[in-house]
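These are my notebook entries on one model. I set out to look up its salt bridges and their side chains.

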Amino acid sequence: MSTVSLGRSGPRVSGFGLGCMSMSGMYGPADRAESIATIHAALESGITLLDTGDFYGSGHNELLIHEALRAHPRDAVLLSVKFGALRDPANGWVGNDTRPAAMKNFLAYSLRRLGVDYIDIYRPARLDPQVPIEDTVGAIAEMVKAGYVRYIGLSEVGVDTLRRAAAVHPICDLQIEYSLVSRGIEDAILPACRELGIGITAYGVLSRGLISGHWSPQDAHAGDFRAHSPRFQPGNVERNLALVESLRALAAARGLSLAQLAIAWVTAQGADIVPLIGARRRAQLHEALGAQGQRLDAETLAALVRAVPRDAIAGTRYAPAQMALLDSERA
């Protein structure tokens, strides 16, 4: 697999990363053995970047990755970890905490759960409105100097926050949703990242499965957070799936699956964008890897935008109450 530099200041990483969130219950039950096998298959394919969060399954995801990596050299894998999101015993979301002292506490637990001496990329999961970003990034920078963290990233923040953070310490990448049907970052956030030399690790490249070509309303499971996502709600989902179907012929004409076409579109947007493949099964991973090396010509790119114009998909972001908490929504 090809490698790219993650921003101006970051490490070289594989052209695709593996997002591990779905292995810890966010989309309903996941098979532990299959999840571990999927991580192994990703590493064997050349993927070096694994993305997780300490709140994925309240630590479950980090423990799973620890188990999967027991036989792998530490320096062969780059671990990207988000912190700060708070959960209660009922798996509810109860806020964000990015205070320096809290960050150091979260980091200590992540190091222990992952079984490592350092984390490659450490980032707050969301902006904490109670804590200046300068304080959070400055405290992570202390951990960089101490050797517990290698690089600093951000997640779901807007342009002002990007600039303020980068003034404190180099930021290697911004993790944010970006796909053919979620293109809001193109207005201001993506240009600012390119100006500042900050890479993009793009999650949601298949729009939470909506443009995978495989999901249908009958696939909903208990515990799947998509049950509360606007894009999957009655009235939206039917319209959205009809638009998705318009892409299927474009994919077939080029010998690609719909998922491969969607991933190839993201990679076509720039070498500074690394798609995170959210596979929890080997079959999903292998299909996604088929997008490697696919070069979409100008005619195909234009046809995709015509088939699914920007903002045509209904409810592609979050519920209004959640959007109010996203700094990236303010650009």
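Is Arg194 buried, partly exposed or exposed? I find Arg194 partly exposed, at 37% relative accessibility; buried means under 20% relative accessible area, exposed over 50%, and partly exposed in between (1.4 Å probe, protein chains only).

I note that this is a predicted model, in which local features need pLDDT of at least 70, side-chain atom pairs count only at pLDDT 80 or more, and totals for chains, interfaces and linings use all residues. Residues are numbered from 1 along each chain as its sequence is written, and side-chain values use heavy atoms, with hydrogens and water left out.

Entry on Arg194. I looked up its partner and found a salt bridge with Asp272 (2.7 Å, N to O); the term requires a side-chain nitrogen of Lys or Arg within 4 Å of a carboxyl oxygen of Asp or Glu. The pair joins distant parts of the chain, 78 residues apart: Arg194 lies in helix H6 (residues 189-196) and Asp272 in the loop between H8 and E12. Helices (H or I, at least four residues) and strands (E, at least two) are DSSP runs, numbered from the N terminus. Asp272 is partly exposed, at 22%.

Entry on Arg282. Its side chain meets that of Glu34 in a salt bridge (2.7 Å, N to O). Arg282 in helix H9 (residues 282-289) and Glu34 in helix H1 (residues 32-45) are 248 residues apart. Arg282 is partly exposed at 37%, whereas Glu34 is buried at 18%.

Entry on the whole structure. My search gave 13 salt bridges. Glu134, Asp160 and Arg164 are linked in a network of them.
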